[in-house]
Every structure is written in structure tokens, then in C-alpha cells.
Amino acid sequence: HIDSIVTDNFKTKKTLQEIAVKYAEKNPEGDSFTRENCLINPLTPSLLQAAGKSKRFGSIKIQDFIHIFNNEYHQQFTAFTAYLNNDTLCIVFRGTNETIAGWKEDFDMCVLNPIPSQKDALSYLENIAKKTRKKIQLMGHSKGGNLAIYASAFCSRKTSKQITTVYNYDGPGFLPEVTKKKCFKHNASRVQTFVPQSSLVGLLLDHPDDYTIVQSTEKTGITQHDPFSWVLEGPHFKTVDSLTKDALFLQKTIASWLDNLTITEREHFLSVLYTIIDQTGVCSLNDFGKNWAKHSGVVLNSLRTVNRETRKIVWNIMQLFFQAVRSNIPQTNALQNFISQFIH
């Protein structure tokens, strides 16, 4: 939360060192939001302080911090611009936070092109490019990586000429209608993608085929999504030669499942999912986690009250998923039987 420290005024810049000092003053006992957040590593404030004090990062100037949130339109977008040196700046896009709206927007990637944040990322890039002739890099983690790729692919030709490199850190992919565009394919040569060895998020949908695989200290794909677990050797990531079998299996399973669903079926499934989530009344994953037993009960009861025709459609979609995994994981039969109790 640095929006009170860095404004959206292009003329006002603050060094990372100044931001770190101001942040510490505003949060003398630490950021309770970060400590309670189930997605943001609690070491993040410490990293900010260390970066602010370092020779490499402390003098970097930050400006144009923008944050947009709209629960109704499933919109959660944040970006800022960093001056790396005299001739290069870097636009950074934030990934998904703990808000339900942010997660809904992620799910919308399966059916919607573009999602609101992709429009925001493109607009932000164009606005920055109009104000400078400097070289531009773009980067982001998770959804932020997706936004960096999207903005760099669909920007104007004039802006595109300023872009040198796009860094994508385990960001999800795109619908086929996006990746088939000529501008998207042309942009691919300047995209550098990094994924952990058991990547889950970074292998969703149509994603870059050329990527660097980073060793992680975590065991599962979802926990490896946390870049604090990515192993460093000096200033570089420690890499491995191949993805794990689990990562390849999940990639194939989810891809085959989605391929067998029409956009209409995906939209219907997400509509039911969002309706059920909304009935819990929670606004964030943190809220859900604080009373997960109660909210889980609401979810199951909501599933029971869905009309029979809708339940049938949802069950058919779930059946396709189980068909995609049953041949490799027989244990899914038990899970399938459990869910069927609430569908039928």
C-alpha cells in the first residue's frame, strides 16, 4: 500500500529509498494487511526496506502509481513506473491480490477478451509512452505478467518501438483468439518468461512456449507461485532443465478440459460459481479463511439450492473434468461421488 506515498502524477518521482522510509513511518509495527494476507508473503515489507537501503535499487525513482478497483466489473488493477537509469524505464503491473473481485477477473480470462485489467494495462502503457522517449521494459508477476505481455502486444506501433523487453513471472496465458493475432506473435520474441518447476498458474491457457524453469524451495505448484521461494545464485535464478511430471500432467488435464467446453458453457459455469461465492458475503480470501467452516457450509447449501437444470449443466462440466483426469488418477472417483451428492 504505497498509493499514499507515490501519486499518479508523472512529474512527481520518489526514490525507492524514500518510499521505504515513508512506508516504515506509516507502518511502525508492520503492515497488518500484509501479515493477514494469505497471498502476499509477510517478508514483503522487509524486502522493501532492504531494497531501499541497497546501492542497486535504492536510487531507482518511482512514479505514476495507479490503483483501480471495481467489484461490479471484476476489476483489480495496479501499476507503477520505475526509472532504472537515464535512458530506460520499467512499467510494473501488480498480480492478483486477496480480493474476490481480483480472482473473478482471473477466471474471466477463460471467457473474456480483453478483461478490464488488460484494457487498463494497455491504456497505462500508452499514457506513459506519450510522456517519454525513453526505452521501456514491462514486467509483472502472475496476472501482472499477463498484463505486461498483453499491453506490449497490442500497443501502437510508435509505442512498440520503445519497448525492449517484457518479463513475465509465472503469468497465466490467453485465449487462442489472442495468441493467434500477428501482433501477439511478433511480440513473443522480446518476452522472457520464468516459471517454477511445478508451475500451475504459468501454464494455464495458451502461454509462451519458450520459458526459463526456475528451481523453487516449495513442493507444490500453487505454493511455488510465490517468487520468494525461487532460488537465486547471486543475481540470477537457479534453473532446472524440465518441468515436473505433476506440472505437465496438470497442464494437459486443464487444457483438455477447457478445450471440450464452449465459451457459453464456461460462462455458465462461472456465473454459477460467482453466484455461490457472492452468497457467502465475503470480499476477500482472507475473510473466507477466517471462518472457512461457516463459509464452506454456505457454499454447499447454495449448491443444493441451484435449480435442477443448472445443476445438471454444472455436473456435466464437472464430468468432463473428471474424464480428463480419471485415467491417471483413479482416486478422483471418490471426489466425484462426493460432489455428485450436492449436484443431483
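Helix α5 passes helix α6 in a right-handed crossing, where right-handed means that the near helix is turned clockwise from the far one by less than a right angle, and left-handed means anticlockwise. The model is predicted, so local features need pLDDT of at least 70, side-chain atom pairs count only at pLDDT 80 or more, and totals for chains, interfaces and linings use all residues. Residues are numbered from 1 along each chain as its sequence is written, and side-chain values use heavy atoms, without hydrogens and water.

**Helix pair α5 and α6**

- Helix α5 covers residues 116-130 and helix α6 covers residues 143-154.
- They pack at an angle of about 55 degrees, with axes 8 Å apart; axes are lines fitted to C-alpha atoms, for helices over the stretch in contact, and angles run from 0 to 180 degrees between N-to-C directions.
- The pair is therefore oblique: angles under 35 degrees count as roughly parallel, over 145 as roughly antiparallel, 65 to 115 as roughly perpendicular, and the rest as oblique.
- On the α5 side, the contact uses Ser 117, Gln 118, Ala 121, Leu 122 and Leu 125; contact means heavy atoms within 4.5 Å.
- On the α6 side, the contact residues include Lys 143, Leu 147, Tyr 150 and Phe 154.
- The contact residues of α5 with α6 divide into seven nonpolar, four polar and one charged. Ala, Val, Leu, Ile, Met, Phe, Trp, Tyr, Cys and Pro count as nonpolar, Asp, Glu, Lys and Arg as charged, and the others, Gly among them, as polar.

**Helix pair α1 and α3**

- Helix α1 (residues 16-26) packs on helix α3 (residues 44-53) at about 135 degrees, with axes 8 Å apart.
- These two helices are therefore oblique to each other as well.
- α1 passes α3 in a left-handed crossing.
- Leu 16, Gln 17, Ala 20, Tyr 23 and Ala 24 of α1 meet Pro 45, Leu 48, Gln 49, Ala 51 and Gly 52 of α3.
- Seven of these contact residues are nonpolar, three are polar and none is charged.

**The whole protein**

- The protein has 16 helices and 10 strands. Helices (H or I, at least four residues) and strands (E, at least two) are DSSP runs, numbered from the N terminus.
- Of the 344 residues, 47% are buried. Buried means under 20% relative accessible area, exposed over 50%, and partly exposed in between (1.4 Å probe, protein chains only).
- Among contacts with a separation of 6 or more, 68% join residues 24 or more positions apart.
- The accessible surface is about 18600 Å², and carbon and sulfur atoms hold 54% of that surface.

- His 186 sits in helix α9 (residues 182-187). Its relative accessible area is 60%, so His 186 is exposed.
- From His 186 to Ala 153 is 33 residues in sequence and 7.7 Å in space, C-alpha to C-alpha.
- His 268 lies in helix α12 (residues 263-278). Its relative accessibility is 30%, so His 268 is partly exposed.
- His 268 and Val 314 are 46 residues apart in sequence, with 8.1 Å between their C-alpha atoms.

**Backbone details**

- Asn 113 and Pro 114 are joined by a cis peptide bond, with omega about -5 degrees. Pro 114 is in the loop between α4 (100-108) and α5.
- Asp 64 is not a glycine, yet its phi is positive, about 50 degrees. Asp 64 belongs to strand β2 (residues 61-70) and is buried, at 4% relative accessibility.
- Asp 170 also has a positive phi, near 55 degrees. Asp 170 is in the loop between β6 (163-169) and α8 (176-179) and is buried, at 0% relative accessibility.

Key:
Areas by Shrake-Rupley, 256 points an atom, 1.4 Å probe, with all protein chains shown as cover.
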